[in-house]
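Here's a quick tour of a protein fold, from the whole chain down to the ligand. Have a look at the model before reading on.

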Amino acid sequence: MEAGRPSRTALRAAHSRARHQNDPRRILTDPLASKILHLDSGGLPPLPDDPADLYSTRFLAVRSRFAEDALAAATADGTRQVVILGAGLDTFAYRNPHTGLKVFEADHPATQAWKRQQLAAAGIGIPSSVTFAPVDFERDTLAGALASAGLDRSRPAFFFWLGVTPYLTRDAVLSTLRFVAGHSGPVQVVFDYYGEAPPTLSPELRAKREAAAKMVAELGEPWLTCFAREDIADELRAMKLDPVEDIAGRELVARYIDEPVPDADPIGGRVIRAVGRGEPVPLCRTSPV
Ligand SMILES: C[S@@+](CC[C@H](N)C(=O)[O-])C[C@H]1O[C@@H](n2cnc3c(N)ncnc32)[C@H](O)[C@@H]1O
């Protein structure tokens, strides 16, 4: 991200969710998506005609829907804390349907300050369940930021981390996941990542991938990290997070919308749900004689 500037990819993602509200096959119902952008229903941006662009819009909606569905299941099992990492203009905190669920929004300070202005200008109230934790994943420790915000590391927690990993260094991605893994209460995380470009990528798809990379780089937020499936799975297991689901974006969209998806996704976006295993409690240890 450019120093001192709010994230422009966060603005793009928010526009995409607002456009998605016009989709006859809407997956994510978010009445605040346009409000936080100060767009009324007449000003909602139209849906893209191009099938690849329509798919991208749906992917952004489906990753949120998937995370929110998994959170709903966790709240039914007693989770009362959710941390939205790199929240951008995500509106879950302001339409949270779960009684007693505390929401922590952790984001880059410049983006978070801008979001708070957008919320105020849109007249969206901040519920008492919401706490802001400004943090730079590349420089600060999440532990410090979230401890000050009141996250209880011994109680169940759920983490959303959507649309963020490509923009961080590998070290920052892994240290953030290690923080999640170090939660001593039961923990789950849903995050997305981009796949590495396979050598077999067709020239046409390679050109699309390059165009997408160029666009975000021009916004000052270049892609820094992508993962091969086995690589991220190994990293997660090494830190005692089980990747119980790792789903291609195309499969996820098809899971929610019964319509054909493009044959290939040049970016290879995937969504993971990982669950903390925690350390087995040593009940008895045999010491060498
Ligand atoms: C593409 S936006 C996604 C926002 C939101 N999760 C969504 O789905 O709309 C990327 C987010 O990552 C955050 N981000 C990028 N680099 C960061 C960093 N070093 N520290 C904290 N947040 C960062 C930005 O502030 C922004 O909110």
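What follows goes through the overall build, the sheet, the helix packing and the ligand shell.

## Overall build

First things first: this is a predicted model. In terms of secondary structure, the protein has nine helices and seven strands. Laid out along the principal axes, the C-alpha atoms fill a box of roughly 70 × 50 × 40 Å.

How does the radius of gyration sit with what a compact globule would have? For 289 residues the compact-globule value would be near 19 Å, and the protein has 19 Å, so the two agree.

## The sheet

The seven strands make an open sheet with mixed pairing, and reading across it the order is β3-β2-β1-β4-β5-β7-β6. At the edges you'll find β3 (130–134) and β6 (241–248); each has a single partner strand, so one side of each goes without a neighbour in the sheet. From one strand to the next, the twist averages 20 degrees.

For a look at one pairing, take β1 (residues 81–85) and β2 (residues 102–107): these run parallel and are joined by five bridges.

## Helix packing around α3

Two packed helices are described by the angle between their axes and the distance between the axes. Helix α3 (residues 51–76) gives us two such cases, with α9 and with α1.

Start with α9. The axes of α3 and α9 come within 9 Å and cross at roughly 75 degrees, which means α3 is roughly perpendicular to α9. On the α3 side, the contact uses Tyr 55, Arg 58, Phe 59, Val 62, Arg 65 and Phe 66, while α9 brings Gly 249, Leu 252, Val 253 and Tyr 256. By class, that contact splits into seven nonpolar residues, one polar and two charged.

Now α1. Here the axes are 9 Å apart and the packing angle is about 95 degrees, so α1 is roughly perpendicular to α3. From α1 come Ala 13, Ser 16, Arg 17, Arg 19 and His 20, and they meet Thr 57, Arg 58, Leu 60 and Ala 61 in α3. This contact divides evenly, with three nonpolar, three polar and three charged residues. Arg 58 turns up in the contact with α9 and again in the one with α1.

## The ligand shell

Which residues come nearest to the ligand? Of the 23 residues around it, they are Ala 13, Gly 86, Gly 88, Thr 111 and Gly 163. Helix α1 (residues 8–20) gives the most to this shell, with four residues. Sorted by class, the shell has twelve nonpolar, seven polar and four charged residues.

Terms used
Residues are numbered from 1 along each chain as its sequence is written. This is a predicted model: local features need pLDDT of at least 70, side-chain atom pairs count only at pLDDT 80 or more; totals for chains, interfaces and linings use all residues. Two strands pair if DSSP finds at least two bridges between them. Axes are lines fitted to C-alpha atoms, for helices over the stretch in contact, and angles run from 0 to 180 degrees between N-to-C directions. Angles under 35 degrees count as roughly parallel, over 145 as roughly antiparallel, 65 to 115 as roughly perpendicular and the rest as oblique. Two residues are in contact if their C-beta atoms, placed from the backbone, lie within 7 Å. Ala, Val, Leu, Ile, Met, Phe, Trp, Tyr, Cys and Pro count as nonpolar, Asp, Glu, Lys and Arg as charged, and the others, Gly among them, as polar. A residue is near a molecule or strand if its C-beta atom, placed from the backbone, lies within 6 Å of it. The radius of gyration is taken over C-alpha atoms; the globule rule is 2.2 Å times the number of residues to the power 0.38.
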